[in-house]
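Dear colleague,

I am handing over the structure we spoke about, and I would be grateful if you would look at it before reading my notes.

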Amino acid sequence: MYVCVCNRVTDHEIRDAAQQGIGSMDELCAQLQVASCCGRCRDCAHRVLHEALAERWQPRASAALG
Ligand code: FES
């Protein structure tokens, strides 16, 4: 789905960016220009990024506990 309509950025692109090492909204905005126009997508983009980061770190956390 489109998260940022102004810049045509999808949730998949945000998840891919997180997998490639993007770790903050500032970095996401710099790379994909999310929230750089009207800004309405900022909260949704933030939520998608945090979900993706949680998924990214989950395997390492599980390995550390195991
Ligand atoms: S919807 Fe993302 S900047 Fe407008």
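A word on terms before the notes: helices are DSSP runs of H or I with at least four residues, and strands are DSSP runs of E with at least two, numbered from the N terminus. Please keep in mind throughout that this is a predicted model.

The chain contains three helices and two strands, arranged along the sequence in the pattern β-β-α-α-α. Of its 66 residues, 24% count as buried, and among contacts between residues at least 6 apart in sequence, 53% join residues that are at least 24 apart.

The largest nonpolar core is made up of 16 residues, and those with the most contacts inside it are Val-3, Cys-4, Ile-14, Leu-28, Val-34, Ala-45 and Leu-49. At least two residues of this core are supplied by each of strand 1 (2-4), helix 1 (11-19), helix 2 (25-32) and helix 3 (42-65), and the largest share, four residues, comes from helix 3. Cys-4, when its neighbours within four places in sequence are left aside, is in contact with Val-9, Val-34, Ala-35, Cys-41 and Ala-45.

Helix 1 deserves a paragraph of its own. Its buried residues are Ile-14, Ala-17 and Ala-18, and because they cover an arc of only 100° around the axis, they lie on the same side of helix 1. The face of helix 1 that is turned away from this buried side carries the exposed residues His-12 and Gln-19. Gln-19 has 12 other C-beta atoms within 10 Å and is therefore exposed, while its C-alpha atom is separated by 6.5 Å from that of Arg-56, a residue 37 places away along the chain. After helix 1 comes Gly-21, whose phi is positive, near 115°.

Helix 1 also packs against helix 2, at an angle of about 115° and with the two axes 11 Å apart, and it passes helix 2 in a right-handed crossing. On the side of helix 1 the contact is made by Glu-13, Ile-14 and Ala-17, and on the side of helix 2 by Leu-28, Gln-31 and Leu-32; by class, these comprise four nonpolar residues, one polar residue and one charged residue.

Most residues other than glycine have a negative phi. Arg-8, although it is not a glycine, has a positive phi of about 55°; Arg-8 is placed in the loop between strand 1 and strand 2 (9-10), and it counts as exposed because it has 11 C-beta neighbours inside 10 Å. Ala-35, likewise not a glycine, has a positive phi of about 65°. Ala-35 is found in the loop between helix 2 and helix 3, but this residue counts as buried, because 22 C-beta neighbours lie inside 10 Å, and it is also one of the contacts of Cys-4.

Lastly, a note on helix 3, in which His-46 lies. With 17 other C-beta atoms within 10 Å, His-46 is partly exposed. His-46 and Val-3 are 43 residues apart in sequence, and their C-alpha atoms are 10.0 Å apart in space.

With best wishes

Conventions. Residues numbered from 1 in each chain as written. Predicted model: local features only at pLDDT ≥ 70, side-chain atom pairs only at ≥ 80, totals over all residues. Core = buried A, V, L, I, M, F, W, Y, C linked by C-beta atoms within 7 Å. Buried ≥ 20, exposed ≤ 12 C-beta atoms within 10 Å, placed from the backbone. Contact = placed C-beta atoms within 7 Å. Axes fitted to C-alpha atoms, helices over the stretch in contact; angles between N-to-C directions. Left-handed = near helix turned anticlockwise from the far one by under 90°. Nonpolar A, V, L, I, M, F, W, Y, C, P; charged D, E, K, R; others polar. Arc of directions from axis to C-beta.
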